[in-house]
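Here's a quick briefing to read alongside the model. Take a look at the fold first, then go through the notes by topic.

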Amino acid sequence: MIDETQGPEKMEGEASAPSVAKVSPYHAVTGRILGVWTMPASLLGIQHDPFYPEEADGTTHYIDVSTGQLLERPPLDLQVSKTELVADGEDFVTVTGVPVGCSVVTPAGHFIVEDGVVEFATVRRGTHRLFFDAFPEQQGEVIVHAH
């Protein structure tokens, strides 16, 4: 007797179609990869949001929206005057090579760079992290030690 709840047996060497797919949705204008979706493969054809048909890491890659090609994000070319300063509010670290429009998060807050330079001073001792985001370049970080 044949159990009708089972499908036909696979022939040797026959590959089965995957039932789920991992894809990478991206912003339609910038190409910034927004994450990774795992979804039934049968739903891929009805997605309205643009996606790259494989899993991709948005920290290191982005999508060329004109071609759909996966591209590597270039590193930021930041130059730092020094990594240690006196915590007196007057001594400062200068970061140059910052792209205009770059988003910067410092212990003092968040701002957008307008002239390609960031100057950081503090009255608080300790380690301070400055985060730079200028898509499509990779995110950057500068660590400053205040004594």
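Val100 counts as exposed because its relative accessibility is 63%; the cut-offs are over 50% for exposed, under 20% for buried and partly exposed in between, with a 1.4 Å probe and protein chains only. Bear in mind that this is a predicted model, where local features need pLDDT of at least 70, side-chain atom pairs count only at pLDDT 80 or more, and totals for chains, interfaces and linings use all residues. Residues are numbered from 1 along each chain as its sequence is written, and side-chain values use heavy atoms, with hydrogens and water left out.

**Around Val100**
- You'll find Val100 in the loop between E8 and strand E9 (103-106); strands are DSSP runs (E, at least two residues), numbered from the N terminus.
- Setting aside neighbours within four places in sequence, Val100 is in contact (heavy atoms within 4.5 Å) with Val113, Glu114, Asp115 and Gly116.
- Ile112 is twelve residues from Val100 in sequence, with 7.9 Å between their C-alpha atoms.

**The three-stranded sheet**
- This open sheet runs E6-E8-E11 with antiparallel pairing, where two strands pair if DSSP finds at least two bridges between them.
- Its edge strands are E6 (79-80) and E11 (117-120), and each pairs on one side only.
- E8 (residues 93-96) and E11 run antiparallel and are joined by four bridges; Thr96 has Val117 as its bridge partner in E11.

**The five-stranded sheet**
- Here the order is E7-E13-E12-E9-E10, in an open sheet with mixed pairing.
- E7 (84-85) and E10 (109-112) each have a single partner strand, so one side of each lacks a neighbour in the sheet.
- Seven bridges hold the antiparallel pair E12 and E13 together, and Phe131 sits opposite Glu141 in E13.

- Not counting residues up to four places away in sequence, Val118 touches Val93, Thr94, Val95, Val98, Val104, Phe111, Val113, Leu130 and Phe132.
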